[in-house]
Amino acid sequence: MISLPIYMDYNSTTPLDPRVREAMAPYETDQFGNAASRSHKFGWVAEEAVETAREQVADLIGATSAEIIFTSGATESDNLALKGVAHLYGMTRAEKLMLDSLAKAKQDGSIPNAEDLVPPKFGSVDLDEVAEKGANEVFASRGDHIITLETEHKAILDSAKRLEKEGFRVTYLPVEQNGLVNLDKLREAITPDTILVSIMYANNEIGVLQPIAEIGKICREHKVLFHTDAVQAVGKVPMDVNEMNIDLLSISAHKMYGPKGVGALYVRRRKPRVRLEAVIDGGGHERGMRSGTLNVAGIVGLGKAAALCKELMDEEAKRMIELRNRFWSKIRDNLDEVYMNGDEEARLPGNLNISFAFVEGEALMMAIKDVAVSSGSACTSASLEPSYVLRSLGVGDDLAHSSIRFGMGRFTTDEEVDYVADLVVERVKKLRDMSPLYEMFKEGIDLNSIEWAAH
Amino acid sequence: MAYNDKVIDHYENPRNVGSMDKEDESVGTGLVGAPACGDVMRLQIKVNDDGVIEDAKFKTFGCGSAIASSSLVTEWVKGKSLDYAENLKNTEIVQELSLPPVKVHCSVLAEDAIKAAVADWKKKKSAQSGDAQTEQAAEAEGQAEQRA
């Protein structure tokens with residue numbers, strides 16, 4: 001029996017696993033202690049639970065527990081990684097020019113106490129040395145350049161834009177038609193000024209898995225820090241921060257059957273030891289990188305979710321790939337002019353992003369309204385622009401408007417996959433009967449030969 | 001986003017979906033929008049000698065509101081004069097379907113589509129047989145107007 005509505009939007013969020021909820025329950029009731037309270041049992045119990053969770057999360061990605069910083073979610077983790085690295089390791093050109101000016105003012109005596117005017121964030125600066133060699137050389141290791149991808153999540157893109165406003169330079173690498181980064185282009189983009197490369201593990205819209213190990217190797221060779229937003233991939237595919245030379249990695253609990261409002265950032269402690277400037281200041285929790293009383297129940301949930309993912313990963317990934325292939329076969333065998341967006345092989349087990357040519361995405365979502373999916377079409381948002389991710393792949397705007405993302409997960413059944421695939425086939429046919437474009441296509445008219453009036 | 005009941009009704013039971021022979025001299029065809037913008041409407045009208053729209057058909061590539069807007073327009077113009085069709089305002093569609101601001105462009109497109117269909121029909125008439133018959137057509141239109 002199929003029960004409606006059917007949830008097929010696992011890339012958006014996932015339901016809380018009952019086992020996770022069970023693990024969290026005591027910390028939402030009797031065990032309410034503050035993990036930072038060192039003087040009584042309530043605090044000790046909370047702290048122990050947090051440390052267990054820290055180990056569970058570390059274990060899933062091949063890290064050590066001291067390298068896990070808990071946050072409010074992946075958006076915060078991404079902000080902390082980019083801004084934290086840029087502010088601690090970087091120096092903008094304007095800042096270097098300012099130091100040059102202060103050095104010059106000290107030399108010519110116009111500002112005798114010029115040293116006092118150097119912002120403390122630069123540490124102790126020898127203005128005489130700066131006057132002699134120039135700030136550019138003295139601070140040669142403090143670059144101002146960051147590399148990321150056009151197809152990153154907004155949490156990365158908007159953090160990068162914020163840093164650009166401060167004077168940092170950002171390269172947004174394009175991706176190939178299959179959604180993957182071109183490693184040669186990455187190598188070419190790295191300059192002596194590059195301090196950080198941030199490339200997502202798996203894309204949230206099209207599910208493609210970037211060649212993380214190769215990217216990590218390139219970054220290590222060039223001595224550039226490497227951050228990956230691994231929100232979609234953690235718990236779904238195996239990963240090891242050491243084998244892959246990952247220095248920073250963002251995690252979200254609610255994408256892996258944990259609760260919303262909690263996440264983590266892995267920050268490498270050895271070879272190299274990565275330091276960050278905090279974004280949120282306060283009581284100095286989480287090694288001073290993220291102040292704020294810990295969300296104990298949420299963290300326990302994240303830990304339990306991580307442990308479950310580790311235990312179930314092999315079996316689950318195998319089942320997801322089967323479901324995905326089953327779904328795609330049904331679609332492809334029964335409809336013409338359908339396209340899978342993103343690489344067919346290098347992709348998340350449970351993700352499918354399909355363009356149904358000549359059918360508009362929102363209309364199709366409305367036609368399958370008892371199935372929860374999302375669309376790359378503009379009409380789902382207030383803006384009229386279709387998905388920037390699909391655009392970056394070179395998918396035409398017409399096909400971008402025709403795309404639907406199907407996300408399958410732990411609680412998706414074979415019956416649901418069959419039901420949704422059959423429904424989609426039926427409704428696409430119905431909408432194509434109503435589509436002037438499909439009729440024209442069938443008549444052999446090249447739609448690109450028509451001069452459409454943009455509106 | 002929750003849809004208005006009338007939008008859902010038109011979307012689920014679209015009126016007058018179909019095609020007419022666009023070479024037929026009594027048929028006017030309007031094709032507006034662009035695939036890259038996510039909506040294309042084709043609206044066709046069959047006009048009789050009295051200048052009355054005997055039949056209307058549409059096909060639309062677009063969201064639910066775009067489909068509903070075109071469906072509604074075909075329903076409205078059937079049996080009406082060309083003059084009525086030409087003067088149809090998108091605001092009437094917005095009102096009837098309670099379209100939210102982000103969907104107003106769907107109603108604009110539907111207005112454009114019906115106007116383009118009328119213009120196409122007129123162009124055919126004038127090209128078809130010179131000035132004399134254009135006058136006839138204009139006369140027919142005038143009569144239809146009186147009736148409407």
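In this predicted model, chain B carries an open sheet of 3 strands, laid out in the order β1-β2-β3 with antiparallel pairing. The edges of the sheet belong to β1 (27-34) and β3 (53-61) of chain B; each has a single partner strand, so one side of each is left with no neighbour in the sheet. From one strand to the next, the twist averages 10°. As a general point, the strands of a sheet pair through backbone hydrogen bonds, and they can do that in a parallel or an antiparallel way. Here, β1(B) runs antiparallel to β2 (residues 39-47) of chain B, and 8 bridges hold the pair together. To pick out one spot along the two strands, B:T29 sits opposite B:Q44 of β2(B).

The helices of chain B come next. Helix α2 (residues 64-77) of chain B is laid across β2 and β3 of that chain, and its direction makes an angle of about 175° with β3(B). Helix α2(B) also packs against α1(B), at an angle of about 80° and with 8 Å between the axes. Angles of 65 to 115 degrees count as roughly perpendicular, and α1(B) and α2(B) are therefore roughly perpendicular to each other. On the α1(B) side, the contact is made by B:V7, B:H10 and B:Y11, while α2(B) brings B:G64, B:S65, B:I67, B:A68, B:S71 and B:L72.

Now for the nonpolar cores. The largest one has 159 residues, and the residues with the most contacts inside it are A:Y266 and A:V296. Helix α10 (residues 296-334) of chain A supplies the largest share of this core, with 14 residues. What does A:V296 touch, once its neighbours within four places in sequence are left aside? Its contacts are then A:Y27, A:A35, A:A46, A:A49 and A:V50. There is also a second, separate core of 9 residues, with A:L99, A:L127, A:V130 and A:A131 among them.

A few backbone details deserve a look too. Most peptide bonds are trans, and most residues other than glycine have a negative phi. Against that background, the bond from A:L4 to A:P5 is cis, with omega near -5°. A:P5 is found in the segment before β1 (6-7) of chain A. Another cis bond leads from A:K271 to A:P272, this one with omega near -10°. A:P272 belongs to the loop between β8 (263-267) and α10 of chain A.

The loop between β8 and α10 of chain A also holds A:E286, a residue other than glycine whose phi is positive, near 50°. Is A:E286 buried or exposed? A residue counts as buried if 20 or more other C-beta atoms lie within 10 Å of its own; A:E286 has 21 C-beta neighbours inside 10 Å, so it is buried. In chain B, a positive phi turns up at B:N16, also a residue other than glycine, with a value near 60°. B:N16 is placed in the loop between α1 (5-12) and β1 of chain B. With 19 other C-beta atoms within 10 Å, B:N16 is partly exposed.

Key
Residues numbered from 1 in each chain as written. Chains lettered and ligands numbered in written order. Predicted model: local features only at pLDDT ≥ 70, side-chain atom pairs only at ≥ 80, totals over all residues. Pairing = 2+ DSSP bridges. Helix = DSSP H or I, 4+ residues; strand = E, 2+ residues; numbered from the N terminus. Axes fitted to C-alpha atoms, helices over the stretch in contact; angles between N-to-C directions. Contact = placed C-beta atoms within 7 Å. Core = buried A, V, L, I, M, F, W, Y, C linked by C-beta atoms within 7 Å. Buried ≥ 20, exposed ≤ 12 C-beta atoms within 10 Å, placed from the backbone. Parallel < 35°, antiparallel > 145°, perpendicular 65-115°, else oblique.
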